[in-house]
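My entries follow in the order I looked things up.

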Amino acid sequence: MTRKVGVVGQGHVGETLANNLLVTGTVDELVLIDTNEKKLNANATDFEDAEANLPTYTKVVRNDYNALKDADVVVIAVGNIGVQKDNAKHDRFVELNVNSTAAKEVGTKLKEVGFNGVLVSISNPCDVIAALFQKYTGLPKNQVIGTGTLLDTARLRKAVGQALDVDPRSVTGYALGEHGNSQFAAWSQVRVLGQNITDLAAVNDDLNLDSLAEATKAGGYTVFHGKLYTNFGIAAAALRLVTAILNDANIELPCSNFREEYGTYCGYPAILGKGGVVKQLQLNLTDDEKKKLAESANYIKTRFDDTVKKLDAE
Ligand SMILES: NC(=O)c1ccc[n+]([C@@H]2O[C@H](COP(=O)([O-])OP(=O)(O)OC[C@H]3O[C@@H](n4cnc5c(N)ncnc54)[C@H](O)[C@@H]3O)[C@@H](O)[C@H]2O)c1
C-alpha cells in the first residue's frame with residue numbers, strides 16, 4: 001500500500017513539512033497544492049531535484065485535487081503570514097478572514113473529490129479553522145484534527161527542560177485549550193525528574209511556573225519577530241501527527257480535537273491512529289484548570305459560530 005499525503009499551501013510551513021516528509025521517506029506520494037502556481041512549481045521542481053540524492057523515492061504530484069481522493073492524510077497550511085506582520089497584540093485571529101474563506105473553498109473541493117482520509121489543519125486561528133474544515137469537508141469529527149497545542153506543548157516541555165537542565169522529551173504534560181492567547185499550561189499534568197512540577201516548584205524558588213507559562217505562550221512570537229514566520233517547530237509537530245496516523249500508532253498526543261463536553265475543537269490530548277482520533281481521554285484537572293479550559297473552549301466556539309454565520313451570509 002502506498003502512503004499518500006497531500007499538503008495544501010506551499011508557503012514557509014507547507015514547504016518545510018513537505019521537505020520533512022520527503023527527506024524522512026515518510027510518504028510514497030506527495031500531492032502539493034497551492035493557488036500560487038509559480039511557487040508550487042518551483043517547490044515541486046526543487047523537491048524532484050533532491051530525489052536522486054535521497055535514500056527513498058517519493059512521487060511528487062502538482063496541484064491536482066483529484067489526486068487527493070485516496071490520500072491517507074491531507075495537511076492544511078494555507079494562509080497569508082504577511083498579515084501577521086504588524087500584529088502587536090499577538091492575536092492569531094488576524095488571519096481569520098483569509099483562512100476561513102480558504103477553509104470553505106478548500107474544504108468544499110476535498111468533499112467534491114471524495115477525500116475520506118484524515119485532515120490535519122495547521123492554519124491559524126488553528127482551532128477555528130480545523131472546525132471549519134470539519135464543517136466544509138463533512139468528514140466525521142474524529143477524522144479532522146488541528147495541530148492545536150502540540151506546538152505549545154513542545155514549547156512548554158522545552159521551557160521546563162531548560163529550567164531544570166533536562167531533555168524536553170523527559171518532560172511530560174500539556175498546554176491545553178486554544179492555540180492562541182487563551183491557552184494555559186496544565187501544571188497538574190506536568191511531570192519531570194520523577195515528580196509533579198508543582199511539588200518541585202514548592203521547594204525550588206528559582207522555578208517560576210508563571211514565567212514558564214508565559215514563555216510557552218509567547219514562544220511563537222519570539223521566533224516570528226526574528227524572521228516574520230515560523231516553520232521548523234510547527235513542521236516537526238505536523239510530521240509527528242502525520243506519522244502517527246500513517247503508522248496507526250495509537251499514540252497519545254495533544255492536538256486540536258472535537259470535545260463533546262465543550263461542543264468545540266480545542267487542544268486536549270487524544271489517542272491518534274489510522275482513523276485520526278481513535279480514543280478520547282479524560283484528564284484529572286484541577287478546578288482552576290477546568291475553568292480555564294472551559295473559558296478557552298467557549299472563546300473558540302463563539303468565534304467559530306460567528307465565522308460560520310458570516311460565511312453562510314456570503
Ligand atoms: N498552528 C500552528 O501552530 C502554526 C504555526 C505556524 C504557522 N501557522 C499558520 O500556518 C499558515 C501558513 O503559514 P506560512 O508561514 O506558511 O504562510 P505563507 O503566507 O508563507 O504561505 C501560505 C501559502 O498558502 C497559499 N494559499 C493561500 N490560500 C490558498 C488556497 N485557498 N489554496 C491553496 N493555497 C493557498 C499561499 O499561496 C501561500 O503559498 C498560517 O495560517 C500560519 O499562521 C500555524
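**Hairpin.** I started at S12 and S13, which a hairpin of 2 residues joins. S12 covers residues 264–273 and S13 covers residues 276–280; they run antiparallel, with 4 bridges between them. Strands here are DSSP runs (E, at least two residues), helices are H or I runs of at least four, and both are numbered from the N terminus. I took two strands as paired if DSSP finds at least two bridges between them.

**Ground rules.** I noted that this is a predicted model, where local features need pLDDT of at least 70, side-chain atom pairs count only at pLDDT 80 or more, and totals for chains, interfaces and linings use all residues. Residues are numbered from 1 along each chain as its sequence is written, and side-chain values use heavy atoms, with hydrogens and water left out.

**Salt bridges.** I searched for a side-chain nitrogen of Lys or Arg within 4 Å of a carboxyl oxygen of Asp or Glu. The count came to 14 salt bridges. One of them pairs Lys274 with Asp72, at 3.7 Å from N to O. This pair links distant parts of the chain, 202 residues apart. Lys274 sits in the loop between S12 and S13, and Asp72 in the loop between S3 and S4.

**Domains.** I looked up the division next: domain 1 spans 4–146 and domain 2 spans 150–309. The bounds come from an automatic or database domain assignment. Taken over C-alpha atoms, the two centres are 22 Å apart.

**Interface.** How many residues meet across it? I found 42 residues of domain 1 in contact with 42 of domain 2, where contact means heavy atoms within 4.5 Å. The buried area is about 3600 Å², and carbon and sulfur atoms give 69% of it. That is the accessible area (1.4 Å probe) that the two parts lose on being put together, summed over both. In domain 1, His90, Arg92 and Asp127 lose the most area to domain 2, together 20% of what that side buries.

Between the domains I counted 1 salt bridge. I also found 10 residue pairs in polar contact across the interface, both residues at pLDDT 80 or more. A polar contact is a pair of N or O atoms within 3.5 Å; within protein, one must be able to donate a hydrogen and the other to accept it, and residues adjacent in sequence count only if both atoms are side-chain atoms. On the domain 1 side, elements giving two or more residues include helix H1 (12–23), helix H3 (96–113) and helix H4 (126–137). H4 gives the most, with 8 residues.

**Backbone.** Most residues other than glycine have a negative phi, and most peptide bonds are trans. I logged two spots here. The peptide bond from Asn124 to Pro125 is cis, with omega near -5 degrees. Pro125 lies in the loop between S5 and H4. Asn63 is not a glycine, yet has a positive phi of about 40 degrees. I placed Asn63 in the loop between strand S3 (59–62) and S4.
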